[in-house]
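Please work through the following exercises with the sequence and the 3D structure open beside you. Try each task on your own before you read its solution.

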Amino acid sequence: MTYLGLDLGTSGVKALLIDEGQRPLAEGHAPLEVQRLQPMWSEQDPHSWITACKSAIAEVRATAPEAFAALRGIAVSGQMHGATLLDAHDQPLRPAILWNDGRAHAECAELEQRADFRGLGGNIVMAGFTAPKLRWVQKHEPEIFAQVRKVLLPKDYVGLWLTGEHVSEMSDAAGTLWLDVEKRDWSDELLAATELSRDHMPRLVEGSARAGGLRAELAAEWGVGNVTVAGGAGDNAATAVGLGLVQPGQGFLSLGTSGVLFTVTDRFASNTESAVHSFCHAVPKTWHQMGVILSATDALSWLGQITGQSPAALAGMVQDIRQPSRITFLPYLSGERTPHNAPDAAGAFHGLRRGHGLPDMVQAVMEGVGFAFADCCRALDHCGSLPERVCVAGGGSQSETWLQVIADITGLTLDVPESGAQGAALGAARLAMLGCGAAAEAEVIRPPKIRKSNAPNPALTSAYAERYAAFRAAWEQRLTR
């Protein structure tokens, strides 16, 4: 038997087919485009998700036709928070408003006054979440709002295509702000704050549970038999499942375009004062917390764009760091979430002098991202959920120097998986296995083999403590200007 994981990202779709031993058999990819019709807007056509999924799946089928014919289960991981508004005939009423769309900023404070989103939803009302997007539509596109019959998240729209049913799961639903995160159920109070009800919401299942069966039309087209579609997961929860992280005290650090520090907990706990995200995990009776920074490798990409260098070339300029830079870089090029919840925050270099060169600036950028992760560590430690070591993921984790900088600044030991195959698509495929009842959770969700570990250097950790104080002071100075 084989299992398919679909990962619906913002820039593309990945399909991964694995066998019962979780060996990768075939992969497929298809790109997606984001429409930005106005400043702070970010939208996608839901039909483009289906087109991309079809293309990625077709590539898998062409690569491994016999293995695909043995398909038994599918699950989807996906970009979170996107508002996909459907009419009575399940047709999209407008382009989906994505996670990185900031138009609903004004509606956030309004919703905070209407209901206990922080207590029940476990999170600050931010423009990126789903609920304020619906309030924006109600105010600015009332004719659209009046026709809304279902609100789905992006991956759940793909699930509708697969099964013909409206179904979501806990990890993604927690990012709407309509879920009572502790009870793992829709909150009537939070829904009413946006003048919606349970009738507008999909049915909820756990990410590792069966959500439905593959539609007969698709099964016939693909030449497969009865196929179970599992609940799936939001992208970060799926990445955790792909890394084998579902036990309390485990976690990962993602050094991608944005940065995530993810920790697993066995209970619901929130820290909205420091803009920590508190969500359900993709498996039952498990939750997770996240510190999120909006510019991680993107900060180095920005420096590369203005200097005409590739990020890899820039990273290669800094090797074997023996002392912290005297330059302080604030990596808030796209605002910041944890711990500041400051969408208008801006980046800055402090302490630049005539004698500094590009390698000095690169080191400062790496350290600035490391200090932002240290802020996330402080926020998660306040909740008692900070582990001593975490796995690493994301493209930036290929930089040995950058990983060591982050380890030295945060005091975390960073474990680098032996294989780069772990990720959201593998997590989705594992959830598909569980949804089929193919094996027990402990057999399916296994931690990866570790290739190497970056432990903090005590001497540099002490030196960076001083520089971290300067980083925090630079932020405070910007607040008082």
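The model is predicted, with local features needing pLDDT of at least 70 and side-chain atom pairs counting only at pLDDT 80 or more, while totals for chains, interfaces and linings use all residues. Residues are numbered from 1 along each chain as its sequence is written, and side-chain values use heavy atoms, with hydrogens and water left out.

**Exercise 1. Classify the ring pair of W41 and W136, and find where its two residues lie.**

Solution. Start from the rule that rings of Phe, Tyr and Trp (its six-membered ring) pair if their centres lie within 6.5 Å, where planes under 30 degrees apart count as stacked, over 60 as edge-to-face and the rest as tilted. By this rule there are 15 aromatic pairs. In one of them, W41 and W136 are 5.6 Å apart from centre to centre with 85° between their planes, and the pair is edge-to-face. Next, locate the residues, remembering that helices (H or I, at least four residues) and strands (E, at least two) are DSSP runs, numbered from the N terminus. W41 is in the loop between β3 (24-31) and β4 (43-44), whereas W136 is in helix α5 (residues 130-140), so the pair links distant parts of the chain, 95 residues apart. Both W41 and W136 are buried, a word that stands for under 20% relative accessible area, as against exposed for over 50% and partly exposed in between (1.4 Å probe, protein chains only).

Finally, look for a charge over these rings, which requires NZ of Lys or CZ of Arg within 6 Å of the ring centre and within 35 degrees of the ring normal. The charged end of R103 sits over the ring of W41, 3.6 Å from its centre, and also over the ring of W136, 4.7 Å from its centre.

**Exercise 2. Decide how the rings of Y468 and F471 are arranged.**

Solution. The ring centres of Y468 and F471 are 6.4 Å apart and the planes meet at 20°, so the pair is stacked. Y468 and F471 both belong to helix α18 (residues 458-480), where they are three residues apart, about one turn of the helix, and both are buried. Ring pairs also join Y468 and F471 with Y332, F371, Y464 and W475 into a cluster.
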